Structure formats: structure tokens, C-alpha cells
Amino acid sequence: MQAFEYAEPKTLNEALGLLSSRWGETEVLAGGTDLLSLMKNYVATPKRVVNLKRIAELRGIAEDSEGLRIGALTTVQELLEDQHLARFPALTTAAEGITSPQIRNMGTVGGDLCQRPRCWYFRNGFGLLARDAQGRALVPEGDNRYHAILGNEGPAYFVSASSFGPPLIALGARVRIAGPSGTREIPVAEFFVIPRNENEREIALRPNEILTEVILPATARELHNATYEVRQREFLDWPLATASVALELRERQIRRASVVLGHVAPIPWPALSATALLEGKTLTEEIAAQAGEQAVAAARPLSKNRYKVQLARVAVKRALLAAAQGGA
Amino acid sequence: MAETPKPPAQATIEWPPAERRRLIGQRISRLDGPAKASGRAKYSYDVNRPGMLHAKLVFSTQARARITAIDTSVAEKMPGVRAIHLILQPGAEVRWVGQEILALAADTEEQARDAARAVQIRYEPLPHFVADVPPEQAGADRLQQLREQTEGDPEAGFQQADVILEGEYGCPVITHCCLEAHGQVTEWNEDNLTVWASTQNVSGLAPQFAQGLQAAGIPVQASQVRVLTPVMGGGFGSKFAADTWGVACAALARKAGRSVKLMLERDQELLAAGGRPSMYARVRVGAKRDGILTAWSSESWGTGGPSTAGTPNLPYVIGAARNPLLPKRSRHTAVFTDIGPARAWRAPNHPQMCLITMCALDDLAAKLQMDPLDFFLKNLQFTERPDVYREELLKAADLIGWRQKWRPREEALRAKGPVKRGLGLSLHTWGGRGHNSNCLVTLHPDGSVEVALGSQDLGTGTRTVIGIVAAETLGLPLEAVTVKIGSNEYPPSGASGGSTTVGGVSSSTRDAATNALNQLLAKVAPALGVPAEQLEAREGRIQVKDDPSRSLTWKQACARLGTTPITATGRTRAELISSGVGGVQMAEVSVDVETGIVRVEKMVAVQDCGLIMDLKTAESQCYGAMIMGICYALYEEKIMDALTGQCLNPDMEFYKLAGIGDIGELVVHMMTGPGYDERGVIGLGEPPVISPGAAISNAVANAIGVRVPYLPLTPDRVLAALEAKGGAV
Ligand SMILES: Cc1cc2nc3c(=O)[nH]c(=O)nc-3n(C[C@H](O)[C@H](O)[C@H](O)COP(=O)(O)OP(=O)(O)OC[C@H]3O[C@@H](n4cnc5c(N)ncnc54)[C@H](O)[C@@H]3O)c2cc1C
């Protein structure tokens, strides 16, 4: 790990004042479950690390007229234990999927959304877009078994690592972001972006901004929602593909639907055509399967990840059936 | 310790008969269990010496290149850096990513890491080759044909066959994943070196250190090197040598005048500390309609990195018998790659040969529309121990409910829902004859007992077994014996490889303890008024055989030694040990045919290993082996990038191992009693890890109606096999 300056601000403003306007110079530390391994592997080499954990205003889960506010420092475990979350199985299933108690106790909601991709070329020092010294893109010709099947026209081929992204998008959540010139709020759907060059990141945060909270709108409470994750192991393992769905049902008829795929694209991937297919239908096993088919219709697998198309297809089907079964 | 004259070794020596065994064969918890579970046991990794420096390796970032320059000038001036030792010189060729180039030592681990990064190494790149491919896809300079062997007349055999199966099977390069990394702490005292090493070879390491250090210009003799390994965190065949990092660690300590710790980091473990060679084969095997085999032929290949990694002997177990002879032809080609070196991996070559053989035979059984249990039972005459395998197959079948649960392949697939179940089985064998071991037993006048051997306990229970044998022989409770192992100052004992330890140490301990006891009996015989031959040690007493009323307590007996302890040595005794075991494993799996995800629901291991010393640690070997087997069957693979020559998963994140939830129910049955016990002690460390890959692969084939040809059985491969079949997907 490269030596760095360490700061422990007590207020958000103090923290913001410590951040650089250029990526890489400073890094924000929450639970550290990702940042520390990035630093140990010299993938991140910040000059200054700004620890957020002393900032009280980033903690806690509270409900008000707007909806449910989840502070960025809320740990994965706190999220799982909070009663308000019982209505959001789409989110708790994703949290349960992080099967390491250590990571659940340390990792935070903000950190989950801001964590860096697990692409093994990135993690082995070839950059976010995984190019060799000659500028050759390594993923298309290399081992891409865990890479993107959607949104993979390049230059990005990694998959978004956050398991919270897809359910939050499906539930219509927003994030609140604090920066040097005040705060802004954007839908989680707009928080994830596909970088076009090495100087960009995979989130819409600017280097001198801090994600302060996630807001689940009051309306989300009425949605039948679920997540299905395909993991090879029970033991702490990354999903190979996931689907999060949220349905507004009347009787058994779908009035509005949202289907978002995870771990199959550089961003959580909204499956719009599947959504369109579902609206107005009564959910049956056959309709669920058709929606799965639609969700991956545009997939363009790389040389070694065609199997992920099937996994995403099944994840959509199973998530839909689970959502329809569960109460709102 | 004072030397006492030793009576000549017993002419014959034997294990106590079943009715006299109090400890041998019982389920006894390991002596060091509490210390390990509580963290009090100190591994080499835990050794911290006053003023100790921390060393790190600088390793090659290139898969193949010539080193043109090594510039340590910046690193040398970095804070805390005390010494640098070159392992390779400029001009040398590196042959894998992770190859050791130099080591440096600094005050703290972080300083050493930073300095290691500041070392500049310039390379002239050379073309690399890291793909694990069949010979026809590798350059001619990358191949070596190792063996073409024919026995009997396979062509005639194939002509007699009613059914011939052709298939391709194999498994990739995997690594050892020892919980404790490779490495050691070294410390000089004048010209004497102490090494706290994580090694499988306590008694054999000193000469290696001496030789390596002499080559580095540091004159030291084996007699000046003390090696200590009181406890050890796993080796699995990868820790027999001093290694470049051991020699470098000692050289750094010499240069810096301080003790030095150098343990490999996890990525280096995966890159450089050894892999299990891959093995693949195209198989043809024929049988009569009734299932009796008529011929085998195979073309196999695989890579052990820069070396050949040995020739397999195919087919495995079935076809090993000389009479009747299964006509067979086999050929193996080694493919050289720049993926890093191979090291012995628990039962070298056997898991691979087992997978290839048992999967091909299972497919043949399916083609014959036979239950594989019946098919294997029918062909046991081709094994070297048909009766044992028959008994084990029937026992395993019973434990897993084979007769109730087994369905032909197609039928399993027709089960309702996406999750299908299947059963598979496999057979294996191993030698396991005890190595050369020497033991020293000391009986002190106060009644305390020491047993010392230059052996090591890799986590298998060796320490406990030694204690059991000594206590049994001396008629004492286990707690009365102090076992001293893990130092080359004790009598030399073999390296722990090839499942040779239990036979070596149990027989040498029995020998030494018997010799010590005979001395004691001779000493106290006059007091009890009978010749020594009429005395025995039982339940903490020395007594006249069959007359416990005439006896001395152990303490009273030892008190008669005055001030001089009894010492007696023993060595490996051929009449107490044997070689050659068989084992059968069966697996029940469930496969989600929509996702390709395989779960092991239950595994059964039935295993013989002669006379069992400690039933609990023996069973633990089988449990551990099945877990290791589930890992390589479902998850493990060292993944190399063809373009860059890098290993893509040198971590525990994408180099996957099973967690508790992935293991399923494990059942172990050890074959004991008449027919087994009288064979004496045979090793067990390796055999139970051989079959899991084949048993699980066969169970998956049974569940989904088609073979997934290669391990690990990952979702992509399972789905591809289903799709090729015309798909349940
Ligand atoms: C083997 C393994 C398996 C895993 N499996 C999963 C999984 O299945 N699904 C999943 O979602 N996650 C998984 N995780 C990842 C884990 O959930 C994340 O590491 C964790 O959520 C990150 O939270 P943290 O608070 O520790 O973040 P940190 O490590 O502290 O930070 C991570 C990144 O986010 C930035 N950051 C953190 N908080 C903020 C903030 N409030 N504002 C701005 N930037 C911020 C940091 O600067 C850093 O770049 C896995 C991790 C491992 C090691």
C-alpha cells in the first residue's frame, strides 16, 4: 500500500473540503472492504484518504413523508436488521447475498453503490478499460467469462459490481449527493454510467462529491418486489447474473413493471422491452419466461460468457415469480 | 541425555491384538486441538523474534523474458530497508509470472512491500505460451511424448467388444491453497542457523539450506542448521524444499545481522508455490454386452508448467491387475507452458487418472444401459484387490442408498422441476508404506515419558498418533506421554509425503517404546520376583501377567531407575506396516438445469488403511479430502490469460474454494476388523482425495443425462453440455 495522508473529519462540509477535484488523488473511506484491497493491490494509490465514519449525519435509517432515507454509512447488516426493509425483499435478498458476516458488518450501502468493478484485468493493474501497453483491449480476446453480455460495445466490458444498484433502480430509488456547491439528488438509475475513457469512473459522482443517502420513495412500499441472484457458491461469491423486479399489481394484473438486470453489464441494466411486455398482463410462468426471453434479446455475449445470457433469462423469470408470490 | 546400553532390538514385534487395544483404533481427539482452536499454537507464520526484519519477494511480471537489468538503487535507500538478496542475475530468463527474482528485508512488512515495488526490473520479452491445450494446438518445441505403452492386444480386444465408448475427459491446473503460506523465519547465532519453517520435511531441510547458502557464498554446514516446525498449516505436497525464498531469507538474515521473516503472500502462493498438473485424455474403451471390459486405449496430455510432471498410468485401478489382463494402450504427451512450476499435489496424478478412467467407464456403463454399480462390480477382477472393492462398493451403496435412489440417466432428467438429482461413484488406490523413521523414547525416573522424532504434523494428527502408540505400548494414559516432534534435533524421520508418515512414525514409536519398556521390565523384575518376560505394562502399572495383585505402579517402577533415565530408540519396522489401500466414494448431487449450478448433497467415503491408529483423525482425513475434492470438482482452476501470460485469479476471490454451505452431508466409513487390521498400518493422507472429482462428475452425468467432460463443473460447462445434448434448457 502506498503511504497516504489520513483524515477523519467530523462533518460533511469538513470532509468535502478535503477532497480533490481529480479522481485518484483522494479517496473516501467508508467500510473499507473494497478500498483497502484496491489500495493493497496498488489499484488505488490516493495521496489522501478521507474516512467518513465519524460523520454522524451519514448514519441511520428514517422514514418521512418522502419515503425511507437510508444513510450512506448504514452497514449491510444494519440494513438487513431494519424493520422498514421487510417490505423490500428485492433489497434484502441482495444484502443476504453478501454472505460474509465480516463484509456485512463493515460494508456500507454507500460503499456498495460506489465500489469498483471486480474485472480481473482491472484488479490486476490493466486499468478500468483493461488495455495492455499497446492500447489493445484485453477483454474481448481474453478470458471474459465473468464480463458483460449487455452494454458491452466497448470500451467498457466489466460488470457493475453493486448488488444494491438493480433493486434500488427497480424500486425507483434516488441518491442524494453532497458536493462543494451544495447537494443534488438523482435517480439511482442515473448514478451508474458507462465510462468512455480511463479518466472516467463508472458512477456519476464527481471526485469531490460524497454520496450521503439513498431515498426509497413512499410509493415503493406498494410494489411487489423481488431479486433473484444466480451464484455458483453459497459461500461469499459474486453473482453471475441477477434480476430485480418491482411490480404494481391490481388483482393479478401488472399495471406497471420494472425489471433491472445485475452483473451482466457495466451498469445495472434496465430491461425495458421486458417491462413493456409485462404491462397489462397477468403474471403466469409462461409470461415470466417470455419476459426473461425479452430481457436478454439484445444480449451480445463475448467469447466465453454466453452462459450468462441463460442465467439472466432465468433470473428474470424467477424474480418475477417470486415477486408475484410475495405481498406488497 | 545420558546414554544407557540398549538391549538388541526385538526379533519380532507386533501390534497388540484387538482385545488388548485400549487407545489404538479409538476415536481420540488430537492433542493439539485446543491449542490450535484457541490460537495458542504458534505456526512458523506466528514466530516473531526480537528485532526481526520482514522480507518480501520481487517476482517476475512477465511470463517469459530475459532480465536485462535489475536496479535496486531506489529501493536500497528507502526507509527501513536493511538488505537485498538477488535470486536471479541480469541475463537470466524468467519463465512464469511470479518467478522469484530477488528478496529484500526491511524493518516493517509495509516498508518491505514498498521497497519491493521500487525495484526496477527491465526485461526483453520472449514469446510466452500459457494455454492449456491439446498437443496439436501447441508448438512442437512445447511437446514431449513421454510414453507409449501397450499390454496385451488391444486391437483384438476392441474387435471382441459389443460396445465401444469414445470420450474426452480432463481437469485443469489447480493449486494447493495451504492455509499457512510457504515461508519461514530465519535467525543466525554466530555460524549457526535456526529456521522456523512451514515444511513437510523437518529432518531433510538442513542439507538443502546448507547447499543453497553455500551456493550464495555463505559457508554453512547441515550440522549447523536447526529446523523447527512445531505446528504446521498444511502442505499437500508443496512444502518439501528449502526453496529460493528459504535460502534468500537466511541470506538476508546473515547480511542484516537480524532475524528475518519471509512468508509468501497469497498471490505468490498461487503464482509460484506450485500447481497440480492438468490432465486430459481421449479415451476408447470397449466391453461385451454383459459389461465385461475388453480393451482400453487413451491418448492423454497435460501441462505441469516447465516440467513434465510424470507419466500417468491409464487406465486407473480397473485394468491394473496382471491377471486377467485388460488389453490396453496408452500414450501421454507433456505440454510445456509458462504458467509456473508444478509440485506434488496430494496423491500426485491419481485424481487426474481416476477422473479420466472412472468417467469413461461410467459413460460406457450408461451406453450399455447398466447401473454403474453393477458394471463396476462386474469388472472388479481387473483390479488388484477385487474382494476389498466389492465389500467397499456394497458398503458405500448402502450408506448412500444407491439401490433405492439410482435411476438411469434419462429418467433422472425427466424428474419434475429444474433441479435434478444424480448419483455417481468412483474407485481409487494408493500405496502408503511407512517411510524411514527413527524414534527416541525416554522414561524418566519420575515416571514422565518423552517420545521424540524429527517428524512433523501437517495437521493430519501425527502428533496424536505417536502419543497413542507410545501410551498403548507403555500401558499409560495418553496424557502421560509428551510427544516432541518438529525439530531436526530429534532422531531423523522421513518427509511427510506419499502418505508415508503414519506407518513410519507409528512403527518406529512402537519399536522404541517396546525397547524402553523391556529395559524397565528388566529393571523391576527382581522386585516382583519373576523374569522380565512374565511382566507386562497395563493400566498404569507394571504387573505379573494375569496376576495384577503382584504389581508396581508406573511411578514406583520408574523410581527404581535411580537418577538415570531409560532411553531407547526404534525405527520403522516392516512387520508393523504395509502398503496398498482401496477406497470407494459415492456422491449424490443436485443440478439446476436452468442455471447449471451443481450442489453436492451427500458424499460417502469408504476407505481401508490397514490397522487404524486413531479413528477420529483417520475419519478427519477423509472429511478433509472430500471437502478438498468438492473444491476441485466444482470450483478450482488456475486461470491464465493467453495474451498477457498473467494469472487472472491469484486470489481467494476468483480462485474459488467451497465454503461450509457448499459441502453437503459427508459420511465416512473406515474398513476395520479382520482382514484389515492384521495388515498393519498404512497411510491415509492421500487416497480419499482421489475419487471426489470422478464421483461428482459421474453423479452430474447421471443427473443431467450427459457428460460434462472437464472439471471444474461450472455453470457454463454444465449448460454447454446440456445444450450440446439438445438441451433441457
Ligand atoms: C469476495 C467478495 C464478494 C462480494 N460479493 C458482493 C456481492 O455479491 N454483491 C455486492 O454488492 N457486493 C459484494 N461485495 C462487495 C462489498 O459489498 C463491498 O466491498 C462493500 O459494500 C463496500 O462498502 P464499504 O463501505 O466497505 O466501501 P469502501 O471500501 O469503504 O469504499 C468503496 C468505494 O466506494 C467509495 N465510497 C464509499 N462510500 C462512499 C460515499 N458515501 N460517497 C462516495 N464514495 C464512497 C470509496 O471511495 C471506494 O472507492 C463483495 C466483496 C468481496 C470481497
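This is a predicted model: local features need pLDDT of at least 70, side-chain atom pairs count only at pLDDT 80 or more; totals for chains, interfaces and linings use all residues.
Let me begin at the ligand: of the 32 residues around it, the ones that come nearest are V28(A), T33(A), T108(A), D112(A) and S163(A), where a residue is near a molecule if one of its heavy atoms lies within 4 Å of it. Residues are numbered from 1 along each chain as its sequence is written, chains are lettered from A and ligands numbered from 1 in the order in which they are written, and side-chain values use heavy atoms, with hydrogens and water left out.

Staying with the ligand, an N or O atom in the side chain of T33(A) is 2.6 Å from one of its oxygen atoms. The backbone also takes part, with a polar backbone atom of D34(A) at 2.8 Å from an oxygen atom of the ligand, and a backbone N or O atom of L35(A) at 2.7 Å from an oxygen atom of the ligand. Of the 980 Å² of accessible area that the ligand has on its own, the protein covers 95%, with accessible areas taken from the Shrake-Rupley method with a 1.4 Å probe.

Now to the interface of the two chains. The contact, meaning heavy atoms within 4.5 Å, takes 31 residues from chain A and 35 residues from chain B. About 3,000 Å² is buried between chain A and chain B, and carbon and sulfur atoms give 54% of that area; buried area here is the accessible area (1.4 Å probe) that two parts lose on being put together, summed over both. On the chain A side, the residues that lose the most area to chain B are Y42(A), Q232(A) and R233(A), together 22% of what that side buries. The rule finds eight salt bridges across this interface, a salt bridge being a side-chain nitrogen of Lys or Arg within 4 Å of a carboxyl oxygen of Asp or Glu. D237(A) forms a salt bridge with K656(B), and their closest N and O atoms are 3.1 Å apart.

Finally, chain B itself is divided into domain 1 (18–43 + 434–576), domain 2 (47–126 + 177–272) and domain 3 (348–432 + 579–724), with bounds that come from an automatic or database domain assignment. The C-alpha centres of domain 1 and domain 2 of chain B lie 38 Å apart, and these two domains bury about 1,500 Å² between them, 52% of it on carbon and sulfur atoms. Y43(B), L458(B) and N488(B) supply 40% of the area that domain 1 of chain B buries against domain 2 of chain B, more than any other three residues. Between domain 1 and domain 2 of chain B, the count of salt bridges is zero.

Definitions and conventions:
A polar contact is a pair of N or O atoms within 3.5 Å; within protein, one must be able to donate a hydrogen and the other to accept it, and residues adjacent in sequence count only if both atoms are side-chain atoms.
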